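Welcome! Here is a short briefing for anyone meeting this structure for the first time.

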Amino acid sequence: MQRKNKPKLAVWKFASCDGCQLSLLDCEDELLAVAGAIDIAYFPEATRAVMKGPYDLSLVEGSITTQHDAERIHQVRRNSKLLVTIGSCATVGGIQALRNFKDVKNLTALVYANPKYIETLSKSTPIADHVFVDFELRGCPINKAQLVEIISAYLNGRKPNVPKYSVCMECKRRGTPCVMVTQGTPCMGPVTQAGCGALCPAYQRGCYGCFGPAETPNPRALSEQWKALGKTPQEILRAYRSFNAYADAFRKEGDAHEG
Amino acid sequence: MKDKTITQAENRVIKVGMLARVEGEGGLFVKVKNNQVADVKLKIFEPPRLFEGFMRGRSYSEAPDITARICGICPVAYQMSAVHAMENALGVKVGGALRSLRRLLYCGEWIESHVLHIYMLHAPDFLGYPDALQMAKDFPEVVKRGLSLKKIGNEIVRVLGGREIHPMNVCVGGFYRAPAKAELQPLVEPLKWARDAALETANWVGTLPFPDMEHDYEFVALHHPDEYAFNEGRLISNRGLDIAISDYENYFVEEHVAHSNALQSTRKGGGLYFVGPMARFNLNYEQLSPIAREAARSGGLDGVCRNPFKSIIVRAVETVYACDHAIQLINEYEPPPSAAVAVKVRGGIGYGCTEAPRGLLYHRYRVDEAGTILDAKIVPPTSQNQRIIEDDLQRFVQARLTQSEEALTLGCEQAIRNYDPCISCATHFLKVQVERD
């Protein structure tokens, strides 16, 4: 159905690797159709053309790590009817949230010769810590099929179908034998939200938690299992402190193995 | 389009607040005083992410997964430089089918990244469109060809690496799982189409209008005696540089300036150098496959290219090469006995340098006896090209001072995009402003 006024889509970037917004350009088969159904009104990675807001749907990538960005996100919110955060950086602070467990001044001095030129906050925080978020799409990176689902759900006025269960469900559906049970490979699948399609176990590797905590996870029980498989507290700590380190359930379980 | 020629343009400022169609956040500031370009700053305000800081204390085995997250466009490059550096530190040698699979994975990323840049980021500049989607309204078949070609690059990365962005199948020593022959074989027919489409691409980009700008650059690239270098070799230049990867820091230095959250690289002693597709093409032309050399000729290149605007042709040539080479690698593939070489942890220092789509990507790690990372250094291609970009802009603006603000700004943006800058990488880069006072 041809709409008279196509809805306006905006894509915003904060601290991130660009991978999640690239997922939109990676929809090679759907991109021209998406562009037919909506106006890509603001998307600097793809176009120098800018349409004025307000925007019907804003996709926000990246975490807040500077004072300037902490202010900019409020402008984005004011200009957006619906605001959807995409990826681990935007939903939980991302890999750069590893600074939240260290002294950021020391880290900056390790990387830059003139740390005084660098303005950065002591913590990398998710967008929802700053403004109201309508929907959070997890993953490092996000799954592009889920991104298309979000846009399609929005265009059709329905709730996005994005499951919150664990990676284990996807393994079962895919028919992958459990790598932890059959091979003794430590796997974060039981506590990690589905969405990737249970890729790692299908590649003979334990899940390493790219989609963050599943709904009602039990990381304490999983840590016991990891210990039984010979993993040290340091290794368990590192497993939780990666791309979703600042997500509540992962942060707490990581902290429990510190020191 | 408004074309107001500025006559009293002795003093002016060109500013671009937010550069579009680059990866990451940056801008440009050019100041003209008494008809001389007085200052050019490529501003990088992408927030710092401090990777080298938080790599400390992580396990050697985590380096490919963590450093991949520096860049969503070229994660394979980060993974390749990381595993080679770690293998260098741990005394691990990866050869045979595993080495070939790494080359295949890199072919996938080169195709995906180059085609994204050719069709979606750079070509719209030459043809006067704000983006590829607008270009698609007048050139639907061209844009569709680009998208299909890009998809095949992504498909290689997906099959072999597990997913297009941040592949999870790469590890120090090789892969978690080596693909069966039957998994790779279905890629051959689409790749044959892709090779033809890439040839058509080379032909097409060769017809674009190119601004006249040549310069005698020092090109630096990895060189390997037996192949178009991706992962291994020595660092060479057209001015006699010929060093081992481990000597990189003895010849190149990084500087930190106030206007950039990315460090800038120069040759020791201050000389500027150029990395990326044009450097590789000029230094390693002889190692391109015959069909890729044919693509270069059909795109109008005769061996040496010194006009950075023509890098779009070089990217198309390298895309032809990557498709052609991928077919060869798949046809010759026999699964290795084991998906990865066994790694014995030891303390040491390791160097890795591979050819990311945008150019040299250098990693150095020091690890202790338990395999814990003590320190890390990462130099991405955009950091290395940052000074050359500023230098190009200086010459570009100086030669076009009578142009309108709008034409000059567009030209500057296009000149920056010649380098396919990846700002996300460089901070681990860009805003355009031109000031005439």
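This is a predicted model: local features need pLDDT of at least 70, side-chain atom pairs count only at pLDDT 80 or more; totals for chains, interfaces and linings use all residues.

Chain B and chain A bury about 5,400 Å² between them, and a search of the whole structure finds 50 salt bridges over all chains.

**Where the two chains meet**

- The contact draws on 65 residues from chain B and 63 residues from chain A.
- Of the area buried between chain B and chain A, 61% is on carbon and sulfur atoms.
- Between chain B and chain A there are 27 residue pairs in polar contact, both residues at pLDDT 80 or more.
- On chain B, the elements that give two or more residues to the side touching chain A are α1 (51–54), α2 (63–68), α4 (96–127), α5 (132–138), α6 (140–161) and α14 (405–417).
- Helix α6(B) supplies the largest share of that side, eight residues.
- Sorted by type, the residues on the side of chain B that touches chain A are 29 nonpolar, 14 polar and 22 charged.

**Salt bridges between the chains**

- Side chains of opposite charge can pair when their charged atoms come close.
- Seven salt bridges are counted between chain B and chain A.
- In one salt bridge, the side chains of D29(A) and K151(B) meet at 2.4 Å, N to O.
- In another, the side chains of E164(B) and K144(A) meet at 3.3 Å, N to O.
- E164(B) sits in the loop between α6 and β4 (170–171) of chain B, while K144(A) belongs to helix α6 of chain A, so this pair joins two chains.

**A three-stranded sheet in chain B**

- Strands of a sheet pair through backbone hydrogen bonds, either parallel or antiparallel.
- In chain B, three strands make an open sheet in the order β6-β7-β8, with antiparallel pairing.
- Its edge strands are β6 (220–223) and β8 (242–243) of chain B, each of which pairs on one side only.
- Four bridges link β6(B) in the antiparallel sense to strand β7 (residues 234–237) of chain B.
- Within this sheet, V220(B) is opposite S237(B) in β7(B).
- Helix α10 (residues 277–284) of chain B lies across β6 and β7 of chain B and runs at about 55° to β6(B).

**A hairpin in chain B**

- Strand β2 (residues 26–33) and strand β3 (residues 36–44) of chain B run antiparallel and are joined by two bridges.
- L28(B) stands opposite L42(B) in β3(B).
- With two residues between them, β2(B) and β3(B) form a hairpin, and N34(B) in the turn has a positive phi of about 50°.

**Backbone details in chain A**

- Most residues other than glycine have a negative phi, and most peptide bonds are trans.
- The peptide bond from G53(A) to P54(A) is cis, with omega near 0°; P54(A) is in the loop between β2 (39–42) and β3 (55–61) of chain A.
- Another cis peptide bond runs from C140(A) to P141(A), with omega near 5°; P141(A) is placed in the loop between β5 (135–137) and α6 (144–155) of chain A.
- Although T216(A) is not a glycine, its phi is positive, at about 40°.
- T216(A) is found in the loop between α9 (199–202) and α10 (219–228) of chain A.

Note on methods: Residues are numbered from 1 along each chain as its sequence is written. Chains are lettered from A and ligands numbered from 1 in the order in which they are written. Side-chain values use heavy atoms; hydrogens and water are left out. Two strands pair if DSSP finds at least two bridges between them. Contact means heavy atoms within 4.5 Å. Axes are lines fitted to C-alpha atoms, for helices over the stretch in contact, and angles run from 0 to 180 degrees between N-to-C directions. Buried area is the accessible area (1.4 Å probe) that two parts lose on being put together, summed over both. A salt bridge is a side-chain nitrogen of Lys or Arg within 4 Å of a carboxyl oxygen of Asp or Glu. A polar contact is a pair of N or O atoms within 3.5 Å; within protein, one must be able to donate a hydrogen and the other to accept it, and residues adjacent in sequence count only if both atoms are side-chain atoms. Ala, Val, Leu, Ile, Met, Phe, Trp, Tyr, Cys and Pro count as nonpolar, Asp, Glu, Lys and Arg as charged, and the others, Gly among them, as polar.
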